[in-house]
Amino acid sequence: MMNRIYSLTDCGKKRKNNEDFAFASFFPFFAGLLVCDGVGGNRKGEVCSTLCGELTIQYLNNLEEDDLKDEAKIVKTLKKLFSFIQERVKEVQISSEIYSNMASTYTLALVFDTKTYILHVGDSACYTFSREKELRKVTYSDTLFNFAHDNHLTFSDISDLKMNNTLIAAVGIKNSVIPHISIIDNDYDKLLLCSDGLYNMVNDQEIIKILSKKLFNTKEKCEILIKTANSNGGKDNIGVSLLEVVN
């Protein structure tokens, strides 16, 4: 059994600036996939997403086997990684007024032999796709809408209804954000990380159809996902990282 991976971003049809960052790479003990989406409306979102991505690659490249020897160690390593990123982003924010409001979503997946570890904050997403053609969203979106729903609030409790999809957690929004960490079995055929520029433009059935195409390789599927998002309006930047299990 082996894995194939690829990542790609695109500016979309409506934005002049690409604030999405994506990567997919093999490391000595795991495969790593990441999508970061600079928060729209905040200055220098592209700086924050790129900084998060570059710091992650640097950190993952420096990991030792002992950092990953069991589940507890891996979870501890992920938490340390996220704290390192938050601290560095904060340093840049306070270094200059132009960076003071920069922020980014952050969705990282580390794929080991039998388990996948997902660290996430914001509203980018991680999906698994199985042979039975089931698409399952693994991550939780940190939006005002979900906060209201989870706390049994009605929309009348929210002062501005237009703000219900506003992020309430992302790298850079608060001094200290606690990320979501999920551990799942590797019983999927494909693992897809993407920004909201993809899933808001391409519905689940379209994603399933594209991921199911046997005549296209991993790179081509990423390209088709982005092409479809743009064909459907391309209202935002689009970032995708895809892993496919090949038996």
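**Entry 1. Overall count.** I counted 6 helices and 10 strands in the protein chain. The model is a predicted one, and I read it as such. I then looked up burial for the chain: of its 247 residues, 51% count as buried. I also looked up how far apart in sequence the contacting residues lie. Among contacts in the protein chain with a separation of 6 or more, residues 24 or more positions apart account for 69%.

Entry 2. I traced an open sheet formed by 5 strands, and I noted their order as 2-3-4-5-8 with antiparallel pairing. Strand 2 and strand 8 (180-185) are its edge strands, and each of them pairs on one side only.

Entry 3. I checked which strands the helices touch. Helix 1 packs on the sheet and touches strand 2, strand 3 and strand 4. The direction of helix 1 makes about 15 degrees with that of strand 2. Helix 2 also packs on the sheet, where it touches strand 4, strand 5 (115-121) and strand 8. For helix 2 I noted an angle of about 25 degrees with the direction of strand 5.

**Entry 4. Strand 2 to strand 3.** I went through the sheet pair by pair. Strand 2 (residues 20-26) and strand 3 run antiparallel and are joined by 7 bridges. The two strands form a hairpin, with 4 residues between them. I wrote down two partners here. Asp-20 has Asp-37 of strand 3 as its bridge partner, and Ser-25 stands opposite Gly-32 in strand 3.

**Entry 5. Strand 3 itself.** I asked how many residues of strand 3 (residues 31-37) are buried. The count is 7 of the 7, so strand 3 is largely enclosed by the rest of the structure. I then sorted the residues by the way they point. Ala-31, Leu-33, Val-35 and Asp-37 point one way from the strand, Gly-32, Leu-34 and Cys-36 point the other way, and all are buried.

**Entry 6. Strand 3 to strand 4.** Strand 3 and strand 4 (residues 106-111) run antiparallel, and I found 5 bridges joining them. In this pair I noted that Gly-32 stands opposite Leu-110 of strand 4.

Entry 7. A hairpin joins strand 4 to strand 5 through 3 residues. I recorded 6 bridges between these two strands, which pair in the antiparallel sense. Val-111 has Thr-116 in strand 5 as its bridge partner. On to strand 8: strand 5 is joined to strand 8 by 6 bridges, and the two run antiparallel. I noted Tyr-117 standing opposite Ile-183 of strand 8.

**Entry 8. Helix 1 against helix 2.** I looked up how helix 1 (residues 45-61) meets helix 2 (residues 71-95). Their axes come within 10 Å and cross at roughly 140 degrees. That makes helix 1 oblique to helix 2. I noted the crossing of helix 1 past helix 2 as right-handed. On the helix 1 side, the contact is made by Cys-48, Leu-51, Cys-52, Leu-55, Thr-56, Gln-58, Tyr-59 and Leu-60. On the helix 2 side, I listed Thr-77, Lys-80, Leu-81, Phe-84, Ile-85, Arg-88, Val-89 and Val-92. Sorted by class, the contact of helix 1 with helix 2 has 11 nonpolar, 3 polar and 2 charged residues.

**Entry 9. His-120.** Strand 5 is mostly covered, with 6 of its 7 residues buried. His-120 lies in this strand. Is His-120 buried or exposed? It counts as buried, at 1% relative accessibility. I left aside its neighbours within four places in sequence and listed its contacts: Tyr-106, Thr-107, Thr-139, Tyr-140, Ser-141, Asp-142, Pro-179 and His-180. For one of these, Asp-142, I looked up the spacing. His-120 and Asp-142 are 22 residues apart in sequence and 9.5 Å apart in space, C-alpha to C-alpha.

Terms used. Residues are numbered from 1 along each chain as its sequence is written. This is a predicted model: local features need pLDDT of at least 70, side-chain atom pairs count only at pLDDT 80 or more; totals for chains, interfaces and linings use all residues. Side-chain values use heavy atoms; hydrogens and water are left out. Axes are lines fitted to C-alpha atoms, for helices over the stretch in contact, and angles run from 0 to 180 degrees between N-to-C directions. Angles under 35 degrees count as roughly parallel, over 145 as roughly antiparallel, 65 to 115 as roughly perpendicular and the rest as oblique. A crossing is left-handed if the near helix is turned anticlockwise from the far one by less than a right angle, and right-handed if clockwise. Contact means heavy atoms within 4.5 Å. Ala, Val, Leu, Ile, Met, Phe, Trp, Tyr, Cys and Pro count as nonpolar, Asp, Glu, Lys and Arg as charged, and the others, Gly among them, as polar. Buried means under 20% relative accessible area, exposed over 50%, partly exposed in between (1.4 Å probe, protein chains only). Two strands pair if DSSP finds at least two bridges between them.
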